[in-house]
Structures are given as structure tokens and as C-alpha cells.
Amino acid sequence: MIFITVKFAVLPEHADRWPEVVAEFTRATRAEPGCLWFDWSRSIEDPSEYVLVEAFRDDEAGAAHVGSAHFRAAQRALPPHLAATPRIVNVKVPQDDWSLLGEMAVGES
């Protein structure tokens, strides 16, 4: 899978509305057949920073996402709400789901 993490520095005046700003982009991306997950989190240290954790089945699914109409719309709609260019980590991982963190196993002896 392609595993991607993106940090978005949102302008403080738009930070509380960010989930609303990205709602359509999020909904459309999650509906893509090759999208495994597309999840937003807000930093507890910096309320203007949001982190997007996303994964796509393979290169083809990633290319379909970047080529989609909703991605192009986001390219136009999101930057006016940002304080800086988003930062990204993009890697291929030889799995297709989350692994369990054995060091913090719950309910196992």
C-alpha cells in the first residue's frame, strides 16, 4: 500500500472550521475504490495543525486519487486556508492494513 501522512498548518482563523472546509474532499476520497483510509487528527500542542493519515491500495489507486476531480478542487480550495505549504511523508508499505502494537497488547496474557 501507499501510506501517506501530511501535516497542514492551517491559518488560526480557519482552524476551528477546517473539518468543514475539508468535508467534501474527505467524503469523496473515502469513496474511492482504492482508498484504504483517510483520517484527520488535530494536534493537541498546536490547534492550528492538522495531520492527515491516508493510505491507498497501490500506485494505481494513488494515481487515481491525485487525478480525481475532487483532488483538483482541493488544490484550489485548501491553500487559501493554509499558513504554509503542507509537509508530507509518502512511503510504500508491504501490508494492506494496520498492524497490532504488540508492546501494548490489550486483553492478552
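The questions and answers below go through a predicted model, from its overall layout to its helix packing and its aromatic rings.

Residues are numbered from 1 along each chain as its sequence is written, and side-chain values use heavy atoms, with hydrogens and water left out. Local features need pLDDT of at least 70 and side-chain atom pairs count only at pLDDT 80 or more, while totals for chains, interfaces and linings use all residues.

Reader: What share of the 109 residues in the protein is buried?

Author: A residue is buried under 20% relative accessible area, exposed over 50% and partly exposed in between, with a 1.4 Å probe and protein chains only. Of the 109 residues in the protein, the buried ones make up 36%.

Reader: How are helices α2 and α4 oriented to each other, roughly parallel or roughly antiparallel?

Author: Axes are lines fitted to C-alpha atoms, for helices over the stretch in contact, and angles run from 0 to 180 degrees between N-to-C directions. Helix α2 (residues 23-30) packs against helix α4 (residues 69-77) at about 155°, and their axes are 9 Å apart. Angles under 35 degrees count as roughly parallel, over 145 as roughly antiparallel, 65 to 115 as roughly perpendicular and the rest as oblique. The angle therefore makes α2 and α4 roughly antiparallel.

Reader: Which residues make the contact of α2 with α4?

Author: Contact means heavy atoms within 4.5 Å. On the side of α2 the contact is made by F25, A28 and T29, and on the side of α4 by H70, F71 and A74.

Reader: Which elements cover the buried residues of α2?

Author: The buried residues of α2 are F25, T26, A28 and T29. Their cover includes β2, β3 (49-56), α3 (59-66) and α4.

Reader: Which residues is F38 in contact with, leaving aside its neighbours within four places in sequence?

Author: F38 is found in strand β2, and because its relative accessibility is 1%, F38 counts as buried. With neighbours within four places in sequence left aside, the contacts of F38 are F25, T26, T29, R30, L52, V53, E54 and H65.

Reader: Why is the pair of F3 and W37 edge-to-face?

Author: Rings of Phe, Tyr and Trp (its six-membered ring) pair if their centres lie within 6.5 Å, and planes under 30 degrees apart count as stacked, over 60 as edge-to-face and the rest as tilted. F3 in strand β1 (residues 2-9) and W37 in strand β2 (residues 35-42) are 34 residues apart, so that the pair links distant parts of the chain. The ring centres of F3 and W37 are 6.3 Å apart, and the pair is edge-to-face because the planes stand at 65°.

Reader: What are the planes of F8 and W18 doing, and at which angle?

Author: F8 lies in strand β1 and W18 in helix α1 (residues 18-21), ten residues apart, and both F8 and W18 are buried. With centres 5.7 Å apart, the pair is tilted, because its planes are at 45°.

Reader: Which residues do ring pairs link into a cluster?

Author: By the rule for ring pairs, the count comes to ten aromatic pairs. Ring pairs link into a cluster F8, W18, F25, F38, W40, Y50 and F71.

Methods: Helix = DSSP H or I, 4+ residues; strand = E, 2+ residues; numbered from the N terminus.
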